[in-house]
Amino acid sequence: MDWLRRADWLTRERVRGYALLLALASLALLANSYLKAMGPAGTDFLAFWGAGQVTAEGASAAAYDLAAQERVQTGTGSEGWFAFVNPPPFLFIAAPFGMLPFALAWIVWVAVTWGLWAWASIRAFPRLWPLVITYPGALLAAGHAQTGLLTGAMLVLAAQHLARRPILSGAAIGALVIKPHLALLAPFWFAAAGKWRAFCAAGVTALILGAASWLVFGSETIAGYTTSWRASGLLMEGINPDFLLRMTTFYSQGRLLWGDGAGIAAGAVSGLLGVAVALRAWRRFGGDARATGAAVLAATALASPYLFNYDLPFLIFPTLWLVVQGLERGFRPYEKLGLILLYLAPYATRALAFPLGVNLMPLAALALLALVWSRGGKLDRPVS
(Lines give C-alpha, C1' and ligand atoms only; values in the text may rest on other atoms or scores of the structure.)
Protein backbone atom coordinates (compact mmCIF):
# COMPACT_ATOMS: atom_id res chain seq x y z
CA MET A 1 0.00 0.00 0.00
CA ASP A 2 3.02 2.30 -0.30
CA TRP A 3 1.55 3.77 -3.48
CA LEU A 4 -1.18 5.23 -1.26
CA ARG A 5 0.89 5.81 1.88
CA ARG A 6 3.79 7.57 0.20
CA ALA A 7 2.24 8.44 -3.19
CA ASP A 8 5.70 8.74 -4.75
CA TRP A 9 4.05 8.57 -8.17
CA LEU A 10 2.69 12.06 -7.52
CA THR A 11 5.75 13.85 -8.89
CA ARG A 12 6.02 17.54 -9.71
CA GLU A 13 5.83 16.78 -13.42
CA ARG A 14 2.62 14.80 -13.01
CA VAL A 15 1.13 17.49 -10.79
CA ARG A 16 1.80 20.07 -13.51
CA GLY A 17 0.22 17.77 -16.08
CA TYR A 18 -2.87 17.19 -13.95
CA ALA A 19 -3.07 20.95 -13.35
CA LEU A 20 -3.11 21.57 -17.12
CA LEU A 21 -5.95 19.08 -17.60
CA LEU A 22 -7.84 20.67 -14.73
CA ALA A 23 -7.32 24.12 -16.26
CA LEU A 24 -8.83 22.99 -19.56
CA ALA A 25 -11.81 21.45 -17.80
CA SER A 26 -12.20 24.64 -15.73
CA LEU A 27 -12.40 26.80 -18.83
CA ALA A 28 -15.21 24.65 -20.18
CA LEU A 29 -17.07 24.78 -16.86
CA LEU A 30 -16.61 28.54 -16.66
CA ALA A 31 -17.99 29.00 -20.17
CA ASN A 32 -21.01 26.91 -19.15
CA SER A 33 -21.47 29.08 -16.04
CA TYR A 34 -21.43 32.20 -18.20
CA LEU A 35 -24.07 30.85 -20.56
CA LYS A 36 -26.31 29.92 -17.61
CA ALA A 37 -25.76 33.36 -16.06
CA MET A 38 -27.04 34.97 -19.25
CA GLY A 39 -30.13 32.74 -19.23
CA PRO A 40 -33.52 33.24 -17.61
CA ALA A 41 -32.53 31.85 -14.21
CA GLY A 42 -30.04 34.66 -13.66
CA THR A 43 -26.98 34.72 -11.42
CA ASP A 44 -25.82 36.12 -8.08
CA PHE A 45 -23.86 38.78 -9.95
CA LEU A 46 -27.15 40.45 -10.90
CA ALA A 47 -27.30 41.83 -7.35
CA PHE A 48 -23.89 43.49 -7.65
CA TRP A 49 -24.53 44.76 -11.17
CA GLY A 50 -27.98 46.11 -10.31
CA ALA A 51 -26.66 47.89 -7.22
CA GLY A 52 -23.76 49.25 -9.24
CA GLN A 53 -26.02 50.54 -12.00
CA VAL A 54 -28.30 52.58 -9.75
CA THR A 55 -25.25 53.86 -7.83
CA ALA A 56 -23.58 54.98 -11.04
CA GLU A 57 -26.80 56.82 -11.91
CA GLY A 58 -26.70 58.69 -8.58
CA ALA A 59 -29.47 56.72 -6.86
CA SER A 60 -27.41 54.57 -4.50
CA ALA A 61 -30.28 54.12 -2.00
CA ALA A 62 -32.09 52.13 -4.71
CA ALA A 63 -29.43 49.46 -4.33
CA TYR A 64 -31.39 48.29 -1.28
CA ASP A 65 -34.86 48.93 -2.74
CA LEU A 66 -36.22 45.50 -3.65
CA ALA A 67 -38.75 46.82 -6.17
CA ALA A 68 -36.09 48.91 -7.90
CA GLN A 69 -33.68 46.01 -8.01
CA GLU A 70 -36.29 43.67 -9.44
CA ARG A 71 -36.96 46.19 -12.20
CA VAL A 72 -33.28 46.81 -13.01
CA GLN A 73 -32.17 43.20 -12.88
CA THR A 74 -35.07 41.71 -14.85
CA GLY A 75 -34.40 44.40 -17.46
CA THR A 76 -31.49 42.23 -18.57
CA GLY A 77 -33.96 39.55 -19.67
CA SER A 78 -33.46 37.46 -16.54
CA GLU A 79 -36.56 36.06 -14.89
CA GLY A 80 -34.74 35.79 -11.57
CA TRP A 81 -33.39 38.63 -9.46
CA PHE A 82 -31.45 38.91 -6.21
CA ALA A 83 -31.46 41.23 -3.19
CA PHE A 84 -28.29 43.27 -2.64
CA VAL A 85 -27.26 42.84 1.01
CA ASN A 86 -23.60 43.91 1.10
CA PRO A 87 -22.63 46.96 3.22
CA PRO A 88 -22.51 50.39 1.50
CA PRO A 89 -18.69 50.44 1.03
CA PHE A 90 -19.20 47.66 -1.51
CA LEU A 91 -20.97 50.18 -3.74
CA PHE A 92 -17.59 51.79 -4.50
CA ILE A 93 -16.62 48.48 -6.11
CA ALA A 94 -19.97 47.76 -7.76
CA ALA A 95 -20.50 51.15 -9.40
CA PRO A 96 -17.88 50.81 -12.20
CA PHE A 97 -19.32 47.42 -13.19
CA GLY A 98 -22.85 48.84 -13.21
CA MET A 99 -21.73 51.21 -15.97
CA LEU A 100 -21.08 48.24 -18.29
CA PRO A 101 -23.63 46.08 -20.12
CA PHE A 102 -24.49 43.11 -17.94
CA ALA A 103 -23.00 40.48 -20.26
CA LEU A 104 -19.67 42.34 -20.38
CA ALA A 105 -19.72 43.27 -16.69
CA TRP A 106 -19.90 39.58 -15.71
CA ILE A 107 -16.76 38.80 -17.72
CA VAL A 108 -14.85 41.83 -16.44
CA TRP A 109 -15.84 41.13 -12.83
CA VAL A 110 -14.64 37.52 -13.00
CA ALA A 111 -11.41 38.49 -14.80
CA VAL A 112 -10.54 41.32 -12.40
CA THR A 113 -11.37 39.52 -9.15
CA TRP A 114 -9.74 36.27 -10.27
CA GLY A 115 -6.70 38.26 -11.37
CA LEU A 116 -6.39 39.94 -7.96
CA TRP A 117 -6.76 36.64 -6.15
CA ALA A 118 -4.28 34.86 -8.42
CA TRP A 119 -1.77 37.70 -8.10
CA ALA A 120 -1.93 37.62 -4.30
CA SER A 121 -1.75 33.83 -4.17
CA ILE A 122 1.11 33.47 -6.64
CA ARG A 123 3.07 36.14 -4.74
CA ALA A 124 2.60 33.97 -1.66
CA PHE A 125 3.56 30.70 -3.41
CA PRO A 126 5.48 31.53 -6.60
CA ARG A 127 6.83 27.99 -7.09
CA LEU A 128 3.33 26.54 -6.92
CA TRP A 129 1.68 28.81 -9.48
CA PRO A 130 0.12 25.93 -11.48
CA LEU A 131 -1.78 24.88 -8.36
CA VAL A 132 -2.94 28.45 -7.84
CA ILE A 133 -4.36 29.06 -11.29
CA THR A 134 -6.24 25.75 -11.33
CA TYR A 135 -7.58 25.84 -7.76
CA PRO A 136 -11.14 24.44 -7.85
CA GLY A 137 -12.28 26.73 -5.03
CA ALA A 138 -11.48 29.72 -7.22
CA LEU A 139 -13.28 28.14 -10.18
CA LEU A 140 -16.41 27.79 -8.08
CA ALA A 141 -16.29 31.44 -7.02
CA ALA A 142 -15.65 32.53 -10.61
CA GLY A 143 -18.57 30.51 -11.92
CA HIS A 144 -20.90 32.22 -9.45
CA ALA A 145 -19.31 35.63 -10.16
CA GLN A 146 -19.45 36.09 -6.40
CA THR A 147 -17.24 37.98 -3.94
CA GLY A 148 -15.10 35.02 -2.87
CA LEU A 149 -12.19 35.85 -5.15
CA LEU A 150 -12.06 39.46 -3.97
CA THR A 151 -12.31 38.60 -0.28
CA GLY A 152 -9.95 35.67 -0.79
CA ALA A 153 -7.32 38.03 -2.19
CA MET A 154 -7.64 40.22 0.94
CA LEU A 155 -7.25 37.29 3.31
CA VAL A 156 -4.24 35.92 1.42
CA LEU A 157 -2.62 39.37 1.48
CA ALA A 158 -3.22 39.59 5.22
CA ALA A 159 -1.67 36.18 5.90
CA GLN A 160 1.28 36.72 3.57
CA HIS A 161 2.33 40.21 4.70
CA LEU A 162 1.67 40.31 8.44
CA ALA A 163 5.32 39.69 9.36
CA ARG A 164 6.96 42.39 7.24
CA ARG A 165 4.13 44.73 6.19
CA PRO A 166 1.65 44.71 9.08
CA ILE A 167 -0.11 47.89 7.97
CA LEU A 168 -0.87 46.33 4.57
CA SER A 169 -2.04 43.16 6.31
CA GLY A 170 -4.33 45.12 8.61
CA ALA A 171 -5.67 47.26 5.77
CA ALA A 172 -6.57 44.11 3.83
CA ILE A 173 -8.56 42.88 6.84
CA GLY A 174 -10.21 46.28 7.26
CA ALA A 175 -11.32 46.20 3.63
CA LEU A 176 -13.32 43.10 4.52
CA VAL A 177 -15.94 45.49 5.85
CA ILE A 178 -17.62 44.55 2.56
CA LYS A 179 -18.07 41.04 4.02
CA PRO A 180 -17.20 41.37 7.70
CA HIS A 181 -17.96 37.84 8.86
CA LEU A 182 -14.79 36.71 7.06
CA ALA A 183 -12.70 38.89 9.38
CA LEU A 184 -14.08 37.53 12.66
CA LEU A 185 -10.80 35.96 13.77
CA ALA A 186 -8.46 38.76 12.73
CA PRO A 187 -8.76 40.89 15.91
CA PHE A 188 -7.88 37.86 18.08
CA TRP A 189 -5.06 36.89 15.71
CA PHE A 190 -3.49 40.36 15.74
CA ALA A 191 -3.99 41.00 19.45
CA ALA A 192 -2.60 37.62 20.56
CA ALA A 193 0.84 38.59 19.19
CA GLY A 194 0.63 42.28 19.94
CA LYS A 195 0.44 43.17 16.23
CA TRP A 196 -1.05 46.54 17.09
CA ARG A 197 -0.05 48.24 13.84
CA ALA A 198 -2.04 45.65 11.93
CA PHE A 199 -4.87 45.82 14.47
CA CYS A 200 -5.13 49.61 14.20
CA ALA A 201 -4.75 49.58 10.40
CA ALA A 202 -7.69 47.18 10.15
CA GLY A 203 -9.88 49.35 12.35
CA VAL A 204 -8.91 52.61 10.66
CA THR A 205 -9.46 51.15 7.17
CA ALA A 206 -12.92 49.88 8.11
CA LEU A 207 -13.85 53.23 9.66
CA ILE A 208 -12.58 55.21 6.66
CA LEU A 209 -14.53 53.03 4.22
CA GLY A 210 -17.67 53.29 6.35
CA ALA A 211 -17.37 57.06 6.72
CA ALA A 212 -16.58 57.54 3.02
CA SER A 213 -19.66 55.55 2.00
CA TRP A 214 -21.80 57.68 4.31
CA LEU A 215 -20.37 60.93 2.93
CA VAL A 216 -20.63 59.88 -0.71
CA PHE A 217 -23.89 57.91 -0.72
CA GLY A 218 -25.77 59.65 2.09
CA SER A 219 -27.83 58.66 5.10
CA GLU A 220 -30.67 57.31 2.96
CA THR A 221 -28.38 54.63 1.58
CA ILE A 222 -27.14 53.72 5.06
CA ALA A 223 -30.74 53.44 6.24
CA GLY A 224 -31.55 51.33 3.18
CA TYR A 225 -28.78 48.93 4.11
CA THR A 226 -30.37 48.30 7.50
CA THR A 227 -33.58 47.25 5.74
CA SER A 228 -31.61 44.67 3.72
CA TRP A 229 -31.06 42.72 6.93
CA ARG A 230 -34.65 41.56 6.65
CA ALA A 231 -33.91 39.95 3.29
CA SER A 232 -30.95 38.11 4.81
CA GLY A 233 -33.08 37.07 7.76
CA LEU A 234 -35.78 35.63 5.52
CA LEU A 235 -33.22 33.39 3.84
CA MET A 236 -32.26 31.92 7.21
CA GLU A 237 -35.81 31.34 8.44
CA GLY A 238 -37.02 27.76 8.62
CA ILE A 239 -35.24 24.66 7.39
CA ASN A 240 -34.70 25.20 3.66
CA PRO A 241 -32.57 22.30 2.34
CA ASP A 242 -32.00 23.99 -1.02
CA PHE A 243 -30.37 26.94 0.77
CA LEU A 244 -28.64 25.14 3.65
CA LEU A 245 -26.99 22.57 1.37
CA ARG A 246 -25.21 25.44 -0.36
CA MET A 247 -23.73 26.56 2.94
CA THR A 248 -20.46 25.21 4.34
CA THR A 249 -20.76 25.56 8.10
CA PHE A 250 -21.42 23.21 10.99
CA TYR A 251 -24.25 25.57 11.95
CA SER A 252 -26.05 25.14 8.62
CA GLN A 253 -25.56 21.39 8.39
CA GLY A 254 -26.52 20.91 12.05
CA ARG A 255 -29.78 22.82 11.41
CA LEU A 256 -30.42 20.81 8.27
CA LEU A 257 -29.88 17.41 9.89
CA TRP A 258 -31.05 17.88 13.48
CA GLY A 259 -32.83 21.23 13.82
CA ASP A 260 -32.20 24.74 15.08
CA GLY A 261 -30.86 23.81 18.52
CA ALA A 262 -28.25 21.48 17.10
CA GLY A 263 -27.26 24.08 14.51
CA ILE A 264 -26.75 26.78 17.13
CA ALA A 265 -24.71 24.43 19.32
CA ALA A 266 -22.54 23.28 16.40
CA GLY A 267 -22.02 26.86 15.25
CA ALA A 268 -21.02 27.98 18.74
CA VAL A 269 -18.50 25.17 19.15
CA SER A 270 -16.93 25.71 15.73
CA GLY A 271 -16.80 29.48 16.31
CA LEU A 272 -15.09 29.05 19.68
CA LEU A 273 -12.65 26.63 18.09
CA GLY A 274 -11.75 29.29 15.53
CA VAL A 275 -11.15 31.89 18.25
CA ALA A 276 -8.99 29.43 20.21
CA VAL A 277 -6.88 28.79 17.12
CA ALA A 278 -6.39 32.52 16.55
CA LEU A 279 -5.30 33.01 20.16
CA ARG A 280 -3.03 29.96 20.41
CA ALA A 281 -1.47 29.82 16.94
CA TRP A 282 1.45 32.13 17.77
CA ARG A 283 2.62 29.87 20.59
CA ARG A 284 1.98 26.73 18.56
CA PHE A 285 4.11 27.93 15.63
CA GLY A 286 6.78 29.80 17.54
CA GLY A 287 5.83 33.22 16.21
CA ASP A 288 5.94 32.23 12.52
CA ALA A 289 3.45 34.68 10.97
CA ARG A 290 2.89 32.67 7.76
CA ALA A 291 2.22 29.51 9.75
CA THR A 292 -0.25 31.29 12.01
CA GLY A 293 -1.85 32.78 8.90
CA ALA A 294 -2.35 29.29 7.50
CA ALA A 295 -3.96 28.17 10.75
CA VAL A 296 -6.19 31.24 11.08
CA LEU A 297 -7.37 31.09 7.47
CA ALA A 298 -8.18 27.40 7.86
CA ALA A 299 -10.08 28.24 11.05
CA THR A 300 -11.90 31.09 9.30
CA ALA A 301 -13.81 28.49 7.31
CA LEU A 302 -15.18 27.24 10.66
CA ALA A 303 -15.69 30.50 12.53
CA SER A 304 -18.61 32.09 10.70
CA PRO A 305 -22.08 30.48 10.71
CA TYR A 306 -22.81 32.08 7.31
CA LEU A 307 -20.49 30.84 4.57
CA PHE A 308 -20.77 29.24 1.12
CA ASN A 309 -18.42 27.20 -1.05
CA TYR A 310 -17.88 30.21 -3.31
CA ASP A 311 -16.48 32.11 -0.28
CA LEU A 312 -13.55 29.71 0.08
CA PRO A 313 -10.78 30.75 -2.35
CA PHE A 314 -8.81 31.93 0.72
CA LEU A 315 -8.24 28.25 1.60
CA ILE A 316 -5.56 28.22 -1.10
CA PHE A 317 -3.22 29.67 1.53
CA PRO A 318 -3.37 26.92 4.18
CA THR A 319 -3.56 24.24 1.49
CA LEU A 320 -0.42 25.36 -0.34
CA TRP A 321 1.34 26.16 2.94
CA LEU A 322 0.99 22.46 3.72
CA VAL A 323 2.38 21.58 0.29
CA VAL A 324 5.42 23.76 0.98
CA GLN A 325 5.89 22.11 4.36
CA GLY A 326 5.81 18.71 2.68
CA LEU A 327 8.31 19.71 0.00
CA GLU A 328 10.71 21.21 2.55
CA ARG A 329 10.32 18.82 5.49
CA GLY A 330 8.93 15.69 3.91
CA PHE A 331 5.37 14.49 3.46
CA ARG A 332 3.85 12.38 6.18
CA PRO A 333 2.07 9.07 5.47
CA TYR A 334 -1.02 9.62 3.30
CA GLU A 335 -0.52 13.38 3.44
CA LYS A 336 -0.17 13.77 -0.33
CA LEU A 337 -3.48 12.03 -0.91
CA GLY A 338 -5.10 14.05 1.84
CA LEU A 339 -3.90 17.28 0.26
CA ILE A 340 -5.34 16.26 -3.11
CA LEU A 341 -8.73 15.72 -1.50
CA LEU A 342 -8.54 19.03 0.39
CA TYR A 343 -7.43 20.86 -2.75
CA LEU A 344 -10.54 19.59 -4.56
CA ALA A 345 -12.84 19.91 -1.53
CA PRO A 346 -14.50 23.32 -2.14
CA TYR A 347 -15.79 22.24 -5.54
CA ALA A 348 -16.29 18.54 -4.80
CA THR A 349 -18.31 19.05 -1.62
CA ARG A 350 -20.58 21.52 -3.44
CA ALA A 351 -21.13 19.07 -6.30
CA LEU A 352 -21.92 16.22 -3.89
CA ALA A 353 -24.07 18.19 -1.46
CA PHE A 354 -27.44 17.62 -3.13
CA PRO A 355 -26.88 13.95 -4.03
CA LEU A 356 -25.69 13.20 -0.47
CA GLY A 357 -28.15 15.46 1.32
CA VAL A 358 -25.33 17.07 3.34
CA ASN A 359 -22.48 19.46 2.55
CA LEU A 360 -19.23 17.88 3.76
CA MET A 361 -17.13 21.03 3.46
CA PRO A 362 -17.16 21.72 7.24
CA LEU A 363 -15.49 18.35 7.78
CA ALA A 364 -12.95 19.12 5.06
CA ALA A 365 -12.19 22.50 6.67
CA LEU A 366 -11.73 20.80 10.04
CA ALA A 367 -9.36 18.25 8.47
CA LEU A 368 -7.39 21.08 6.82
CA LEU A 369 -7.06 22.87 10.15
CA ALA A 370 -5.96 19.65 11.86
CA LEU A 371 -3.23 19.10 9.28
CA VAL A 372 -1.97 22.66 9.61
CA TRP A 373 -2.04 22.50 13.40
CA SER A 374 -0.17 19.19 13.47
CA ARG A 375 2.72 20.85 11.63
CA GLY A 376 3.38 23.01 14.66
CA GLY A 377 4.93 22.23 18.04
CA LYS A 378 6.93 19.05 18.47
CA LEU A 379 5.74 17.63 15.15
CA ASP A 380 7.16 20.55 13.16
CA ARG A 381 10.31 18.75 12.07
CA PRO A 382 11.49 16.91 8.95
CA VAL A 383 9.53 13.76 8.19
CA SER A 384 11.02 10.97 6.13
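## Helix α17

Helix α17 covers residues 289–303 of this predicted model. Its 15 residues should span 21 Å at 1.5 Å a residue, the expected span being 1.5 Å times one less than the number of residues. The end C-alpha atoms are 20 Å apart, which agrees. Helices are DSSP runs of H or I with at least four residues, numbered from the N terminus.

α17 is mostly covered, with 14 of its 15 residues buried. Buried means under 20% relative accessible area with a 1.4 Å probe, protein chains only. At the start of α17, a side-chain oxygen of Asp-288 comes within 3.1 Å of the backbone nitrogen of Arg-290.

## Basis of the values

This is a predicted model: local features need pLDDT of at least 70, side-chain atom pairs count only at pLDDT 80 or more, and totals for chains, interfaces and linings use all residues. Residues are numbered from 1 along each chain as its sequence is written, and side-chain values use heavy atoms, with hydrogens and water left out.

## Largest cavity

The structure holds two cavities of 30 Å³ or more. A cavity is a set of points on a 1 Å grid over the protein atoms alone where a 1.4 Å probe fits but cannot get out; lining residues have an atom within 4 Å of a point. Grid points are joined across faces, edges and corners, and a volume is the space filled by probe spheres set on the points.

The largest cavity has a volume of about 60 Å³. α9, α11 and α17 each supply at least two residues of its lining. Among the lining residues are Leu-155, Ile-173, Trp-189, Val-296 and Thr-300. By class, the lining has 11 nonpolar, one polar and no charged residues. Here Ala, Val, Leu, Ile, Met, Phe, Trp, Tyr, Cys and Pro count as nonpolar, Asp, Glu, Lys and Arg as charged, and the others, Gly among them, as polar.

## Second largest cavity

The second largest cavity holds about 30 Å³ of space. Trp-119, Ala-120, Arg-123, Leu-157, Gln-160 and His-161 line it. The lining divides into three nonpolar, two polar and one charged.

Helix α10 takes in residues 166–174. Its buried residues are Pro-166, Ser-169, Gly-170, Ala-172, Ile-173 and Gly-174. Their cover includes α9 (148–161), α11 (186–192) and α12 (196–217), with contact meaning heavy atoms within 4.5 Å.

Ala-68 lies in helix α4, residues 66–74. Ala-68 counts as buried because its relative accessibility is 7%. Ala-68 and Ala-231 are 163 residues apart in sequence and 15 Å apart in space, C-alpha to C-alpha.

Note on methods
Buried < 20%, exposed > 50% of the residue type's maximum accessible area, 1.4 Å probe, protein only. Polar contact = N/O pair within 3.5 Å; in protein donor to acceptor, adjacent residues only side chain to side chain. 1 Å grid on protein atoms, 1.4 Å probe; cavity = no way out; pocket = protein on both sides within 12 Å on 5 of 7 lines; lining within 4 Å.
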